[in-house]
Amino acid sequence: MTDFRYPRRLRLLTGGDFKRVFDRADVKVPDRHLLILARPNDLGHPRIGFVISKKNVRRAVQRNRVRRIIRESFRLHQHQLPALDMIILARKGLDDLDNPDVHDMIRRCWSRASKKARKLTQ
């Protein structure tokens, strides 16, 4: 049976992990409300990290809601995603989207990230 947990190994935890992606993001997936920066890793599974600033998403409740929705989508799609270290950067207006819109947007971003990563490895 497929494992859909979200353990620590699927997260970018240290500043070094984030710095590695920020220094050389080979895959960029822009969207109106967020930006995904990614870089291939040698771990065989994707990892995710979040940068959601108060400047772009004002209230902590909204930052946590957005993070929770994206994390849940990542958890469910982790087996279809390539082995990338991904950073999700929030942009202004992300907190104005309701839950179904955030789900649809992140689903589109996952497929675009997968396509760009496949092109990178060819």
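**Notes on the core and the sheet**

1. Within the largest nonpolar core, which has 29 residues, the members that touch the most others are I36, I70 and W110; such a core is a set of buried Ala, Val, Leu, Ile, Met, Phe, Trp, Tyr and Cys residues joined through side-chain atoms within 4.5 Å, where buried means under 20% relative accessible area (1.4 Å probe, protein chains only). At least two residues of this core come from each of β1, β2, β3, α2, β4 and α3, and α3 gives the largest share, with 7 residues.

2. This is a predicted model, in which local features need pLDDT of at least 70 and side-chain atom pairs count only at pLDDT 80 or more, while totals for chains, interfaces and linings use all residues. Residues are numbered from 1 along each chain as its sequence is written, and side-chain values use heavy atoms, with hydrogens and water left out.

3. Leaving aside residues up to four places away in sequence, I70 is in contact (heavy atoms within 4.5 Å) with L34, I48, F50, I88, V102, I106 and W110. Another core, of 8 residues, lies apart from the largest one and includes V21, A25, L35 and L37.

4. The buried residues of α3 are V102, M105, I106, C109, W110, A113, S114 and A117, and their cover includes β1, β2, β3, α2 and β4.

5. The open sheet has 4 strands in the order β1-β2-β4-β3, with mixed pairing (two strands pair if DSSP finds at least two bridges between them). Because β1 and β3 stand at the edges with a single partner strand each, one side of each has no neighbour in the sheet.

Key:
Buried < 20%, exposed > 50% of the residue type's maximum accessible area, 1.4 Å probe, protein only.
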